[in-house]
Amino acid sequence: MLQGKSVVLGVSGGIAVYKAVELLRLLTKAGADVHVIMTKNAREFVTPLTFQTLSGNPVHTDLFSLYQEHEIDHISLADRADLFILAPATANLIGKIAHGLADDLLTTSVMATKAPVLIVPAMNVNMYENPIYQRNEKQLIEFGYHLLEPVTGALACGWEGKGKMPSPEEIMAAAAGVFVPKDLLGHTILVTAGPTREELDPVRYISNYSSGKMGFAIATEARHRGAEVILIAGPTNLTAPAGVRYVPVVSAQEMREAVFDALERADVVIKAAAVADYHPVVRSTQKIKKTADDLTLQLEKNPDILAEIGQQKGGRIVVGFAAETERLLVHAAEKLKKKNLDLIVANDITKAGAGFDGDTNIVRLLHADGQVDELELMSKAAVAEKILNQVKRLLDNRK
Ligand code: CTP
């Protein structure tokens with residue numbers, strides 16, 4: 001997505017400048033041609049030489065530097081950019097842009113560009129919550145600037161709270177998202193992901209190998225395309241994508257409750273979760289001791305969340321998954337019909353490159369009208385894109 005793009009990375013003065021170095025590395029690795037502009041304060045944290053070495057381009061600092069103006073002036077920087085990323089963006093920088101101030105090279109270039117601008121704020125929590133800052137941020141979003149919200153955590157100033165700059169990987173994902181057409185704007189998509197865990201006792205549970213990667217990829221792509229996303233996920237090692245409403249759950253029962261709490265708001269439901277089919281009849285409050293020579297567990301069925309949604313789907317588009325080890329199309333088609341779905345994503349988890357833990361998948365998309373799309377091996381992000389293309393088509397046909 002960023003291959004061959006000309007990116008201006010605007011760095012203002014905050015402790016998070018060190019993370020902008022890694023961001024620059026990722027941007028160049030993705031094939032972007034990066035031109036860095038540093039404010040005076042940013043240079044107090046890291047020297048331009050670091051950014052120059054990693055970008056392979058001179059770092060721009062002064063509005064009136066004769067040498068730099070000769071080489072490349074602020075207008076040509078603004079003109080040639082496909083994207084501006086301001087990371088970290090201080091409260092001061094954001095305040096200046098929101099009020100049309102252009103008193104240094106960075107603010108002048110931002111004012112002069114017609115390229116999309118992704119702002120990545122980083123600051124103390126009290127500054128972040130200050131209504132003056134909040135008003136400036138809102139104003140910029142209304143003007144069409146892209147904003148990646150800061151995350152909550154321990155801040156360098158000693159405070160705990162919202163204001164931390166997201167990881168360079170998350171900024172990369174948001175940067176790629178800027179170029180994605182917002183064709184799902186106005187829709188709310190509920191995505192479930194990951195496994196569920198059914199507890200036996202305080203130290204053991206029944207679960208499955210689902211990593212959550214497929215569902216998280218769908219949530220990320222849906223968000224990039226402008227949808228409101230509610231991501232309900234069982235235990236995974238993944239970080240929730242920026243900008244989605246993330247609801248972590250553990251058991252199938254909890255997932256069911258979270259899904260039905262959110263269902264009213266959603267006009268699309270995509271159930272990528274590998275819900276455990278059974279839970280133990282008895283959950284022991286104490287650790288089960290190995291006194292007996294054999295142990296029989298009695299399990300009872302979990303509610304089939306997807307089938308319940310199918311029964312009360314109204315005007316919603318409902319997409320299910322079918323992970324199979326044999327007779328893929330037969331089983332998937334049965335589930336599509338039985339659960340009243342619009343689309344089912346079928347994968348044979350025994351195939352190399354398909355299934356739970358990897359970054360790729362091989363799926364077939366079965367439609368309610370009998371059409372079957374066979375997709376080759378591709379990344380889970382690419383599968384997510386294909387699924388959402390079909391969802392978009394179904395939404396358009398519904399009108
Ligand atoms: N599903 C669900 N609730 C369950 C079981 C499954 O919502 N209790 C959903 C999954 O999220 C998936 C689809 O139903 O979208 C199919 O799940 P899968 O495990 O493949 O099929 P099952 O219906 O559980 O049937 P079986 O295990 O017999 O293959």
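Strand 19 and strand 20 form a hairpin with four residues between them, strands being DSSP runs of E of at least two residues and helices runs of H or I of at least four, numbered from the N terminus. In the turn, Gly370 has a positive phi of about 100°. The model is predicted, so that local features need pLDDT of at least 70 and side-chain atom pairs count only at pLDDT 80 or more, while totals for chains, interfaces and linings use all residues. Residues are numbered from 1 along each chain as its sequence is written, and side-chain values use heavy atoms, without hydrogens and water.

Strand 19 (residues 363–367) runs antiparallel to strand 20 (residues 372–374), with three bridges joining them; two strands pair if DSSP finds at least two bridges between them. Leu365 stands opposite Asp373 in strand 20. Strand 17 (residues 343–348) is also antiparallel to strand 19 and is joined to it by five bridges, with His367 as the bridge partner of Leu343.

Five of the five residues of strand 19 are buried, so the strand is largely enclosed by the rest of the structure; buried means under 20% relative accessible area, exposed over 50% and partly exposed in between (1.4 Å probe, protein chains only). Val363, Leu365 and His367 point one way, Arg364 and Leu366 the other.

Helix 15 (residues 380–398) has 19 residues and reaches 27 Å from first to last C-alpha, close to the 27 Å expected at 1.5 Å a residue, where the expected span is 1.5 Å times one less than the number of residues. Among its buried residues are Val383, Ile387 and Leu394.
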